[in-house]
Amino acid sequence: MSDHVKLFIPGPVEVRREILEAQAQWMIGHRGKAAEALFARIQTKLRQVFFTRSRVYLSTSSGTGLWEAAARNCVSDDSEGGVLATVCGAFSERWAEVFERNGKATTWLRVAEGEPITPELVRDALLARRNAPGRKPFEAIAIVHNETSCGLTNPLAEIVAVVRELSPDTLILVDAVSSLGGIKVDFDGLGLDVLLTSSQKCLGLPPGLSFAAVSDRALEKARHVRNRGYYFDFVELEKFLLKNHTPATPAISLMFALDKQLDDILTEGLEARFARHRRMAEITRAWARRQFDLFPRAGYESDTVTCVKNTRNMDVGALNRFLENRGMHISDGYGSLKGRTFRIAHMADMTEHDITALLGAIDEFLAEA
Ligand SMILES: *Cc1c(COP(=O)(O)O)cnc(C)c1O
């Protein structure tokens, strides 16, 4: 049996062999001309993928590191207004905890798992703050665009419009870890302030890098926030970015892979890439409705990961043992949803053919059971 198991899990995803191989180049010094040229090429392409003309910081960490960056750079220590953390599942909950553990005043806006953060809920939270005597407006709002634990996509544009209308000075911090590169998120068009993602999800790379587009006003805010730390300090990252450097030694091998993968992403075309994700999601959803049911509220299902309600009480572990013999692997439900749901990721460089093969194999398993 081949040791290659195709990962239909929401990160790390299957990485194409050419991309894995692009990492195997001779090392270069990170302060040399070759590294500067590599950084500059990557920067130009990242800005296209993030739909921004501002800047995209590159971090040698997983996306969680940039959660911490957003918390430390964009929210003050002394309750200047604090952050409104919207929570609709396990990842958004963890980001809220990251704000708290960094000592930031955190107001939770929580909905049940499977329910979206609606613009109406955000409106109510902003109005409540406006009417609270002596309270300043929120310094920031944190939104997870695509909640990976429930396979749900929040209505980002509608939420952003409400924030702009009712609380124009509030920075808009968006986690698009499991959507950027698979679902369109237009940083400049929406007027976002921080938009972060990881390498190992829709961008189809190994884990180890993460990226954040940062607006001028978020960078300006950071200059006035104390205790930003060092590794994730936007002011420091900016100083080095202007020279095509990173403050510390970056994961150079991953940058080689990123350089090639960004070429391939732009060759496919961003719109074509989003459309492919949509088609893979539609195939998966139609299958899930036939064999099971979908977990998230109808109309908010993600185009990058489908969360299936396990209405047959199927043994997901047994399914995965069956699939692994065929070189495939899916994801169990996350946290409290384990067993009650399972998840099929259709992100990065997966094709409709891959998805059809997977769903056919699951059908076989169900027929045998
Ligand atoms: C995977 C994931 C994270 C965590 O990212 P890491 O790169 O593992 O640190 C954060 N948010 C969402 C929505 C995710 O799917």
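What follows goes from pockets to cavities and ends at a sheet.

This is a predicted model, in which local features need pLDDT of at least 70 and side-chain atom pairs count only at pLDDT 80 or more, while totals for chains, interfaces and linings use all residues. Residues are numbered from 1 along each chain as its sequence is written, and side-chain values use heavy atoms, leaving out hydrogens and water.

Let us begin with two words. On a 1 Å grid over the protein atoms alone, a cavity is a set of points where a 1.4 Å probe fits but cannot get out; a pocket is an open set with protein on both sides within 12 Å along at least five of seven lines, and lining residues have an atom within 4 Å of a point. Grid points are joined across faces, edges and corners, and a volume is the space filled by probe spheres set on the points.

The largest pocket has a volume of about 270 Å³. It is lined by 20 residues, and the closest to its centre are Thr-64, Phe-91, Val-177, Gln-200 and Lys-201. Two elements give two or more residues to this lining: helix H3 (63–74) and helix H4 (90–101). The largest share, 3 residues, comes from H3. (Helices are DSSP runs of H or I with at least four residues, strands are runs of E with at least two, and both are numbered from the N terminus.) Sorted by class, the lining of the largest pocket has 6 nonpolar, 10 polar and 4 charged residues. Here Ala, Val, Leu, Ile, Met, Phe, Trp, Tyr, Cys and Pro count as nonpolar, Asp, Glu, Lys and Arg as charged, and the others, Gly among them, as polar.

Among the lining residues are His-4, Leu-7, Arg-16, Leu-20 and Pro-207. By class, they divide into 8 nonpolar, 1 polar and 3 charged.

The largest cavity holds about 90 Å³, and its lining has 6 nonpolar, 4 polar and no charged residues; Leu-58, Tyr-231 and Pro-250 are among them. The second largest cavity holds about 60 Å³. Helix H2 (33–49) and helix H10 (252–268) each supply at least two residues of its lining, and H2 gives the most, with 3 residues.

Finally, find the open sheet of 5 strands, with the order S1-S13-S14-S12-S11 and mixed pairing. Strand S1 (6–8) and strand S11 (293–294) stand at the edges with a single partner strand each, so one side of each has no neighbour in the sheet. Strands count as paired if DSSP finds at least two bridges between them. S11 pairs with strand S12 (residues 305–309) in the antiparallel sense over 2 bridges, and Leu-294 has Val-308 in S12 as its bridge partner. Helix H12 (residues 316–324) packs on the sheet, touching strand S13 (328–332) and strand S14 (341–345), and its direction makes about 165° with that of S13. Contact means heavy atoms within 4.5 Å; axes are lines fitted to C-alpha atoms, for helices over the stretch in contact, and angles run from 0 to 180 degrees between N-to-C directions.
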